[in-house]
Amino acid sequence: MAYTTIDNPLQYFNTVLYTGNGTAIGSGGQAVTGVGFQPDWTWIKNRSDDQNHSLTDSVRGVTKTIRTDVTTAETTDSEGQTAFGSDGFTVGSEAKINGSGNSIVAWNWKAGTTSGISGSPSITPSAYSFNQTAGVSIIAYTGNASVGATIPHGLGVAPALIIFKNRDSSIKWVVYHHKAATSSPEDVHLQLNSTAAVSNDDSILNDTAPSSTLITMKTSSAVNSNSVKYIAYCFSEIKGYSKFGSYTGNGNADGTFLYTGFKPSWLMYKRTDSAHGWFMLDNKRDTFNVSYKMLRAESSSAEDTGSSPVVDFLSNGFKMRNTYNSANASGGTYIYMAFAESPFVNSNGIPNNAR
């Protein structure tokens, strides 16, 4: 069996940088290209200014925006993102994604399959898009407030990460991560909009681990209130392409090394045993292997361009290069999610270059 099924990760995930021009949709907006595929999910952040994150997807509809740094409900923004194209997307004059002269980053994922999802759920999705090759699915559904309610995820294996958002109300974002606890991670959750540590709470997944076809929920307003609309972003690990792991910090600038099986292109990490942010780094904002430039999912703040290195992206994983409590405190516990620039070994058995 080949080491990986994805030799070119850029077919399924890619980061693009662009400069906002403030052009309104009535004047054509701004077409952002260079993604390399038609995205199904884009996550955009203004790097220059204190502006909300903006998340849009093909399942909810491209003009519908949710923001990870606040709990607010979904909004429809006629001057936000207005179209997905074959190589990117179009944005209007909204400052958070097209502020004139601002530096902006967009992270893009490809799903694409919109029929044939497996499983026998108690809640039928209103819409969905999934990609088993890349281990990603986007599921829209309406809650029924029933204990043990289920929705399908389409991944074919149990998801390692699920991000939920109530679309109708100002309710917290909920994150399930399969390494958020050493045992029974389905009994705890994190909040993407908050620095809060991991929380014990059985109202989310009903103390039931996701299966290869279904996600089981209880009755939290964050995941399953009656007649309320939700979105769930689901991910499974794909060898050589994605990894959703955990680590313990060592408090040393020669920090913990995490083997992923690929050269990372994007990383988000979060301390779980105390209150710290969701830090996001990528290989486009820092083009060398050592990353300095950080954004935070729970914060609207502009990019932090600190003078000290944070993470070293290597050919087969990443290594912490700091002693920050948020990233590498001695004995601190952390979770991460990472996507590849290139696999450590491709499907022909050729290894990645060392870095």
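## Contacts along the chain

What share of the contacts in the protein with a separation of 6 or more comes from residues 24 or more positions apart? In this predicted model, such residues account for 65% of those contacts.

## Overall build

Let's start with the secondary structure: the protein has two helices and 29 strands. Its radius of gyration is 19 Å, close to the 20 Å that the globule rule gives for 355 residues, so the protein is as compact as a globular protein of that length. Taken along the principal axes, the box filled by the C-alpha atoms is roughly 55 × 50 × 40 Å.

Of the 355 residues in the protein, 57% are buried.

## Two residues to look for

Most residues other than glycine have a negative phi. Here are two residues with a positive value.

S184 sits in the loop between β14 (174-177) and β15 (188-189). Its phi is near 50°, a positive value in a residue other than glycine. With 34% relative accessibility, S184 counts as partly exposed.

D207 is found in the loop between β16 (199-200) and β17 (214-217). Although D207 is not a glycine, its phi is positive, at about 55°. Is D207 buried or partly exposed? Its relative accessible area is 39%, so D207 is partly exposed.

Terms used:
Residues are numbered from 1 along each chain as its sequence is written. This is a predicted model: local features need pLDDT of at least 70, side-chain atom pairs count only at pLDDT 80 or more; totals for chains, interfaces and linings use all residues. Side-chain values use heavy atoms; hydrogens and water are left out. Helices (H or I, at least four residues) and strands (E, at least two) are DSSP runs, numbered from the N terminus. Buried means under 20% relative accessible area, exposed over 50%, partly exposed in between (1.4 Å probe, protein chains only). The radius of gyration is taken over C-alpha atoms; the globule rule is 2.2 Å times the number of residues to the power 0.38. Contact means heavy atoms within 4.5 Å.
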